[in-house]
Every structure is written in C-alpha cells, then in structure tokens.
Amino acid sequence: MVQATSFLLLLSLALLAPGLSAKQCMLTGRWINDLGSNMTIGAVNNKGEFIGSYLTAVTASSNEIRMSPLHGMQNIINKKSEPTFGFTVNWSFSESTTVFTGQCFIDKNGKEVLKTMWLLRSNVDGIDNDWKATMVGNNVFTRLRTRKE
Ligand code: BTN
C-alpha cells in the first residue's frame with residue numbers, strides 16, 4: 001500500500017514538473033522597440049549564434065534608412081531561461097556601427113521583453129574627433145504581433 005502511494009506520488013510529480021519549469025525567453029522572432037524600430041532574429045544555433053535584420057525608425061545621419069543586417073550571440077552557459085545576448089548592426093545606409101547588449105526577460109504578465117543598452121559609433125574625420133564619436137542609450141523590445149495573433 002505504501003509502495004503504491006509512493007509510486008503514484010512520483011508519477012504525479014513527474015507529470016506536473018515540466019509545467020512548473022520557468023518559461024524560456026527566446027530571441028527568435030520579430031521585435032519592435034520603444035523608438036518604433038523593427039528587428040527580426042533568425043534561429044539561434046547550438047553555439048548561441050544568430051543573424052537577423054534591423055529596420056531603424058530613426059537615424060543620426062541624413063541618409064535614407066534601409067534594412068540592415070545584424071549578427072549576434074546568445075550566452076548558452078547553463079541554458080538560463082532569461083539569457084543575456086549581444087548583437088552588432090552594421091548599418092547599410094551609413095558608416096556607423098551599433099552594438100547592443102541585453103537580457104531576454106519574462107515580465108510579470110508572462111510576456112517576453114528585451115532590455116538592452118547600445119553604443120552607436122559614428123565615423124568621424126580623424127582621431128582628434130574621436131571624443132565625439134560614440135553615443136550611448138537603451139532600448140526595450142517587445143514581440144511584434146501579427147494581426148492574426
Ligand atoms: C545611423 O544613424 O548612422 C544608423 C542608425 C542608428 C539607429 C540607432 S541604433 C540605436 C538606436 N536604436 C534604434 O532602434 N535606432 C537607434
């Protein structure tokens with residue numbers, strides 16, 4: 001009788017445990033940030049690497065905005081449910097480069113959110129202008145929902 005009870009207890013734990021595990025925050029998909037910029041991140045491979053595309057809503061240049069490629073890596077040590085990551089956007093329409101670093105969080109409503117900070121490096125004329133070449137800021141990304149969802 002005791003054995004049967006223990007077995008049933010173990011069985012119910014095994015069945016319930018997966019549901020108790022923390023939701024995994026995933027980078028793959030379409031995102032929009034607080035400036036209205038859109039980005040799409042492709043599959044994250046087994047080394048944590050990913051590529052994607054970025055359409056900024058704003059620019060520090062006077063050029064026409066175009067879609068730009070991004071290359072990044074997610075930290076895969078310990079397979080955390082809220083992983084850190086970094087990516088670089090190599091702007092197609094300006095001579096600048098932006099690096100983003102951040103963490104993928106599950107907020108209190110169960111929604112995924114990317115909290116990031118960035119450095120935007122402009123191309124300046126000569127080393128004497130290096131001091132004014134870098135801007136810093138932060139962006140918050142949420143999933144871009146399609147009308148079907
Ligand atoms: C440039 O202006 O030379 C390239 C575009 C830079 C856009 C910046 S990157 C940081 C910030 N977050 C965005 O989504 N866009 C701006």
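**Stop 1: a buried charged pair**

Select Glu112 and Arg143: both are buried, that is, under 20% relative accessible area, where over 50% is exposed and anything in between is partly exposed (1.4 Å probe, protein chains only). This is a predicted model, in which local features need pLDDT of at least 70 and side-chain atom pairs count only at pLDDT 80 or more, while totals for chains, interfaces and linings use all residues. Residues are numbered from 1 along each chain as its sequence is written, and side-chain values use heavy atoms, with hydrogens and water left out.

Side chains of opposite charge can pair when their charged atoms come close. Glu112 and Arg143 form a salt bridge, with the closest N and O atoms 2.5 Å apart; the term requires a side-chain nitrogen of Lys or Arg within 4 Å of a carboxyl oxygen of Asp or Glu. The pair links distant parts of the chain, since Glu112 is in strand β7 and Arg143 in strand β8, 31 residues apart. Strands (E, at least two residues) and helices (H or I, at least four) are DSSP runs numbered from the N terminus.

How many salt bridges does a search of the whole structure find? The search finds two. For the other, select Arg121 and Asp130, where the closest N and O atoms are 2.8 Å apart. Arg121 is partly exposed at 36% relative accessible area, and Asp130 is partly exposed at 38%.

**Stop 2**

Met117 is partly exposed, with a relative accessible area of 47%. Accessible areas come from the Shrake-Rupley method with a 1.4 Å probe, and for residues only the protein chains shown count as cover.

**Stop 3: the ligand**

Now select the ligand and the residues around it. Which of the 16 residues around the ligand come nearest? They are Ser37, Tyr54, Ala60, Ser94 and Asn139; a residue counts as near if one of its heavy atoms lies within 4 Å.

Next, show the polar contacts, meaning pairs of N or O atoms within 3.5 Å; within protein, one atom must be able to donate a hydrogen and the other to accept it, and residues adjacent in sequence count only if both atoms are side-chain atoms.

- Asn33: an N or O atom of the side chain is 3.0 Å from an oxygen atom of the ligand.
- Thr59: a polar side-chain atom lies 2.8 Å from an oxygen atom of the ligand.
- Ser94: a polar side-chain atom lies 2.7 Å from an oxygen atom of the ligand.

On its own the ligand has 410 Å² of accessible area, and the protein covers 97% of that.

Keep Ser94 selected. Ser94 is in the loop between β5 and β6 and counts as buried at 19% relative accessibility. The side chain of Ser94 also reaches the backbone nitrogen of Ser96, at 3.2 Å.

**Stop 4: aromatic rings**

A search of the whole structure finds seven aromatic pairs. Rings of Phe, Tyr and Trp (its six-membered ring) pair if their centres lie within 6.5 Å; planes under 30 degrees apart count as stacked, over 60 as edge-to-face and the rest as tilted.

Select Tyr54 and Trp91. Their ring centres are 5.4 Å apart and their planes are at 85°, so the pair is edge-to-face. Tyr54 sits in strand β3 (residues 49-55) and Trp91 in the loop between β5 (84-90) and β6 (97-106), 37 residues apart. Tyr54 is buried at 2% relative accessible area, and Trp91 is buried at 10%.

Phe141 is in strand β8 (residues 134-143), 87 residues from Tyr54.

**Stop 5: two residues with positive phi**

Finish at Asn78, in the loop between β4 (68-74) and β5. Phi of Asn78 is near 65°, a positive value in a residue other than glycine. Asn78 is exposed at 64% relative accessible area. Lys79, in the loop between β4 and β5, has a positive phi of about 40° although it is not a glycine. Lys79 is exposed at 66%.
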